[in-house]
Amino acid sequence: MDLGIAIKNIRKQKGFTQVDFANKCGITQTYLSQIENNQKEPNLSRLKAISEVLEVPLPIIFFLAMDEKDVSPKKRDAFKIINPSVKSLINEFFAI
């Protein structure tokens with residue numbers, strides 16, 4: 001799971017700079033950078049605040065952060081097939 005990259009990608013697609021986004025989330029730019037580079041794992045309440053500012057539900061962020069290593073080996077082929085379509089639908093629905 002690459003949660004930091006998912007947050008970073010959504011932030012950029014929404015047009016936020018790191019400084020502006022960090023301020024809106026009530027965190028420092030340094031801490032946001034550490035989150036986006038997967039050096040720090042924010043707690044659930046911080047993740048909820050981030051998802052609210054992004055206007056994307058937290059479960060959606062978790063899904064966008066998933067990669068095939070997060071799926072059991074038996075289901076990886078199916079994940080590879082549906083993942084691009086689901087991500088595309090999510091991007092359109094949430095204007096990411």
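Biologist: Which residues are exposed on the other side of helix 2?
Modeller: Asn 23 and Lys 24 are exposed there. Please note that this is a predicted model.
Biologist: And which residues of helix 2 are buried?
Modeller: Gln 18, Phe 21, Ala 22 and Cys 25 are the buried ones. Viewed down the axis of helix 2, they fall within an arc of 100 degrees, so they line one face of the helix.
Biologist: Why would residues three or four places apart point the same way?
Modeller: An α-helix has 3.6 residues a turn, so residues at that spacing point the same way.
Biologist: What do the buried residues of helix 2 pack against?
Modeller: They pack against helix 1 (3-13), helix 3 (29-36) and helix 4 (44-54).
Biologist: Take Ala 22: is it buried or exposed?
Modeller: Ala 22 is buried, with a relative accessible area of 1%. Apart from neighbours within four places in sequence, Ala 22 is in contact with Ile 27, Thr 28, Gln 29 and Leu 32.
Biologist: What follows helix 2?
Modeller: Gly 26 does, and its phi is positive, near 75 degrees.
Biologist: Changing topic, how many helices and strands does the chain have?
Modeller: The chain has six helices and zero strands.
Biologist: What is its radius of gyration?
Modeller: The chain has 14 Å; a compact globule with 96 residues would have a value near 12 Å, which agrees. Buried residues make up 36% of the 96 residues.
Biologist: And how far apart are the mean positions of the positive and negative charges?
Modeller: For the 14 positive and 11 negative charges of the chain, the mean positions are 3 Å apart.

Technical notes
Residues numbered from 1 in each chain as written. Predicted model: local features only at pLDDT ≥ 70, side-chain atom pairs only at ≥ 80, totals over all residues. Heavy atoms only, no water. Buried < 20%, exposed > 50% of the residue type's maximum accessible area, 1.4 Å probe, protein only. Contact = heavy atoms within 4.5 Å. Helix = DSSP H or I, 4+ residues; strand = E, 2+ residues; numbered from the N terminus. Arc of directions from axis to C-beta. Rg over C-alpha atoms; globule rule 2.2 N^0.38 Å. Lys, Arg positive; Asp, Glu negative; His and termini not counted. Charge placed at Lys NZ, Arg CZ, Asp CG, Glu CD.
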